[in-house]
Amino acid sequence: MSSSTVELLKGAAELFPDEVVTQAHVRHLDLPGGAGRFALITLDNGFDHTKPTTFGPQSLAHLDAALDQVEQEAAAGEIAGVGVTGKPFIFAVGADLKGVELLKARDEALAIGRGGHEVFKRLSGLAVPTFAYYNGAAMGGGVEIGLHCTYRTVSRAVPAFSLPEVFLGLVPGWGGCTLLPNLIGADRAVTVVIENSLNQNRQLKGKQVHDLGIADAIFEGADFLEQSLGWTAAVLKGELEVVRPDIDRSEAWDAAIERGRAVADDKVHGAAPAAYRALDIMAAAKNGDLRQGFAAEDEALADLIMGGELRAGIYAFDLVQRRAKRPAGAPDKSLARPVTKVGVVGAGLMASQLALLFARRLEVPVVLTDIDQERIDKGVAWVHEQIDMLLLKGRLHQDAANRLKALVTGSLDKAAAFADADFVIEAVFEELSLKQRIFAELEEVVPAEAILATNTSSLSVTEMAAGLTHPERVVGFHFFNPVAVLPLLEIVRAERTDDASLATAFAVAKKLKKSAVLVKDAPAFVVNRILTRFMGEVLGAVDEGTPVEVADRALAPLGLPMSPIVLLDLVGPAVAHHVAGTLAAAFPDRFTPSANLGRVVEAGKRTLYVHDSGKPELDPEVAALFEVGDTVLTEEQVRDRALDAIAQEIRLMLDEGVVAEAQDVDLCLITGAGWPFHLGGITPYLDRAGVSERVTGRRFLQPGVASVPAP
Ligand code: NAD
């Protein structure tokens, strides 16, 4: 490593005293068949597999020292090759991102990029061939260290292999953007670097790593290292020739990059820079000039590390990885009661999805009920069809599918069906009096301690429980549609809900593999309240005279998963209008249901847009219903209005104690509405853009959390 980089890395190491250091242990062994002496470097941080190995500045320095040693041995002809592998179950999962928050200057960020390159690239400059043995999970820099080696093997047992950088807000910047397309071709590299990454960090398994050509050989997990060493011996003795396909450097390369840009546009709509930076470097990698490519990676890393999107991305990643697993305010889990049978009231859109989820995850009998046999049969049939589809896709075995189908049944007779249920959830129409009646009816038939849960999206859970003998067992259990896609579950503590019932609700949520967030019983809880508020501002602008297209484009620079009107169509104008009405009744100063939306609902229209021309356009019949004023706002004005409203509403929700902290609001928006990582949900963005201070007089997060330090 050059002395300037050593100095810069030393500086970075001082900034980051809490680094969990990955050691690079060198041991020597004799390869089978007299292939010679071999140096094997094992990356290990001294912890078990629950703390995966990562690279911070000190870890890079350790690897560098190990490479000093093997470089000398190789030069002296003492070894025939060098291998790199990981501790059990983990190869290495990349740069230690906890360190990013500590980097305050671009030079420090640049040092991290250069340091990684300078250390890793030594593996391609030794006097002997080098081998990476991907024995377990490999991500980011873990994948990249192997790309610098001459050869790679992978274990069939590898469960997760990815370059998640773009998803977080970085580029694969320790060689990945440059080396991967030169190894497997641009199109496959785009799949790994852009497509998989932007699809919620989709992981490859060992077999796919081999099929894609990233690894030259694949072996079973049980004797992976032994097999890899045998293979290494054969390669070194010339008994086995590794043939890789030629890389297509024609226009196909450019087409692959364009495909990547289309994927990025579809996912982040130009609102976050990482994917585009990665694609620029991958495009330039066509010329095969590694030095130039690595330099471009360093610059991109430094820019992105000093930008707000990455900091927000790391914050968001931490929320979904950690906060979601330890929900703030959840009671002691030892209070939870067991759940051995589930009842679902209603067999409609949500109820059927819930029945499937409960049966799959809890593996207990689930009984659906509704107002007539036909609706029940339809609900059960839908669940059975979904199970058949899972079977077809190979996600379930035949006997598991049979078992699952047998678990889900329907009955018109609530008394008989729910007599031994210990968790009953209702998902009937959104009407308070109906839900109250159903709970009263259920209380007559279910066991004394059974939980009564409601999937209401906006009504008061406290009022729903008011007339019951045992209101303490009522909880809100608010799922998001589609249930299989959106991980959020808002768990509502009503005024009289007791700890045991709440603990049971959290225990069930965990088994359902949902991200549970504890919320207070307040109108529309978290996600729907924020979405309705912001939608209200966009529709308000339309009612007052701003053209629909202008208002609908206003939020585009944020890169939300869909535009406001497309979201409105997905939710359904009637449902959205109903929730707006509930919120307007609670908070008339801030929520006004749109008069035009009211007319659309009254006319029975189910969407505002038609898609006849391939792209969404306002339905002429809807346009004819609109009555608008003459105040025309620009996109920017609509955006400011909507963001100001969001900031105000979040501050009010925090003051009311709807959730414990701003972090919970962000977690809800990410997992319940798909709001992007590069916004960190929303509060890091509102803080960064100055909206929080302007509207509420203060930031949502502490300075330094999810934000770039002031210069
Ligand atoms: P839906 O209209 O698809 O289903 C409601 C079902 O309840 C119907 O099948 C109806 O026949 C049945 N029902 C009505 N009265 C009943 C009674 N007395 N006994 C038994 N069944 C009865 O509605 P949905 O979209 O599934 O919504 C259900 C609940 O879930 C609502 O409270 C809604 O606010 C909430 N929710 C909906 C969504 C969504 O996106 N649709 C998301 C989250 C929560």
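This text leads through a predicted model, beginning at the ligand and then turning to the aromatic rings.

Around the ligand there is a shell of 23 residues, and those that come nearest are Asp 370, Arg 375, Glu 430, Lys 435 and Ser 457. If you wish to find the shell in the fold, look at helix H14 (349-362), helix H18 (432-445) and strand E15 (474-479), each of which supplies at least two of its residues. The largest share, three residues, comes from H18.

We now turn to the aromatic rings. A pair of aromatic rings is described by the distance of the centres and the angle of the planes. The structure holds 17 aromatic pairs, and one of them is formed by Phe 534 and Trp 675, whose ring centres are 5.8 Å apart and whose planes stand at 90 degrees, an edge-to-face arrangement. Because Phe 534 lies in helix H21 (residues 527-544), while Trp 675 lies in the loop between helix H28 (662-673) and helix H29 (683-688), the pair ties together parts that are 141 residues apart in sequence. Both Phe 534 and Trp 675 are buried.

A further pair is made by Phe 587 and Phe 591, with ring centres 6.1 Å apart; their planes are at 40 degrees, so this pair counts as tilted. Phe 587 has a relative accessible area of 13% and Phe 591 one of 5%, and because buried means under 20%, Phe 587 is buried and Phe 591 is buried. Phe 587 also has a charged neighbour, for the charged end of Arg 590 sits over its ring, 4.6 Å from the centre. Elsewhere, Lys 51 lies over the face of Phe 47, at 5.0 Å from the ring centre.

Aromatic residues can also be followed as a group: Phe 38, Phe 131, Tyr 133, Tyr 151 and Trp 231 form one aromatic cluster.

Technical notes: Residues numbered from 1 in each chain as written. Predicted model: local features only at pLDDT ≥ 70, side-chain atom pairs only at ≥ 80, totals over all residues. Heavy atoms only, no water. Near = heavy atom within 4 Å. Helix = DSSP H or I, 4+ residues; strand = E, 2+ residues; numbered from the N terminus. Phe/Tyr/Trp six-rings, centres within 6.5 Å; stacked < 30°, edge-to-face > 60°. Buried < 20%, exposed > 50% of the residue type's maximum accessible area, 1.4 Å probe, protein only. Lys NZ or Arg CZ within 6 Å of the ring centre and 35° of its normal.
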